[in-house]
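Subject: Structure for you to look at

Hello,

Here is the structure I said I would pass on. Please have it open while you read the notes below it.

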Amino acid sequence: MGEFKLIAPFEPQGDQPQATAKLWEGRNKGYKYQTLLGVTGSGKTYSMAVVIEGYQKPTLVMAPNKILAAQLCNEFKEFFPGNAVEYFVSYYDYYQPEAYIPQTDTYIEKDSSINAEIEKLRYSATDALFSRNDVIIVASVSCIYSLGSPEEYKGQRVVLEVGRFYDRQELFSSLVKVQYERNEIDFSRGKFRAKGDTVDIFPAYRDTAIRVDFWGDEVDRILEIDPLTGEVLGSMDSVLISPATHFLTAEDSL
């Protein structure tokens, strides 16, 4: 983690070496904009991947629609299997803004439907940006809209470490402040539960949950578990729990 490593079963062919060399030359000259032209299937995505590996910086790739963004995201995941390639598009499956039709004196109420899986991917993209440097975000125009303060988001993440002491009620309060809901029955993303000396947290941006076992007030171990079966998938020395929402305000800012 921390360095882009391009994995491809082939070497640059045709005009690809020249294209990547020109892009790299433009970058070194400080060009703000460069245009890469090519027909479908000519290897433009691979050329971009070569530049990303050489540049070693977090990268935003914008696509005109969700379908193309998903296609590019899958391609970049194949090129960078060891790095964080994330998908960030609008989470609305359906959105009807409120409207008024004066001819018939009809008011149409606002209605929308949110895709929970895409919402998770948006949170995953945000968490990756704060957690690591080797990140490629493939996004639609949705990424240009404000998500609140990055400083507030980063500053309110909950840190858990093996061997540290925590007041459990303060831990619960910290989770609630970043929009996690305590629910002992419906354990789903963005919720946590507590049973005896065990606290389970289901981050809003993951498919797996975090189990924190306490010995008194001390964290004895931190496990990654299957949220449905409880099967232990791994262990860790520490974990950062990012907020379950993009919109946060610290108490001293109110």
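The centres of domain 1 and domain 2, taken over C-alpha atoms, are 30 Å apart. Domain 1 covers 15–144 and domain 2 covers 150–241, with bounds from an automatic or database domain assignment. This is a predicted model, in which local features need pLDDT of at least 70 and side-chain atom pairs count only at pLDDT 80 or more, while totals for chains, interfaces and linings use all residues. Residues are numbered from 1 along each chain as its sequence is written, and side-chain values use heavy atoms, with hydrogens and water left out.

Between the domains, 8 residues of domain 1 are in contact (heavy atoms within 4.5 Å) with 9 residues of domain 2. The two domains bury about 820 Å² between them, and 61% of that is on carbon and sulfur atoms. Buried area here is the accessible area (1.4 Å probe) that two parts lose on being put together, summed over both. Of the area that domain 1 buries against domain 2, 67% comes from K120, D127 and F130, more than from any other three residues.

There are 2 salt bridges between domain 1 and domain 2. A salt bridge needs a side-chain nitrogen of Lys or Arg within 4 Å of a carboxyl oxygen of Asp or Glu. R189 and E117 meet in a salt bridge through their side chains, at 3.8 Å from N to O.

Lastly, V141. Its relative accessibility is 47%, so V141 counts as partly exposed (between buried, under 20%, and exposed, over 50%, with a 1.4 Å probe and protein chains only).

Regards
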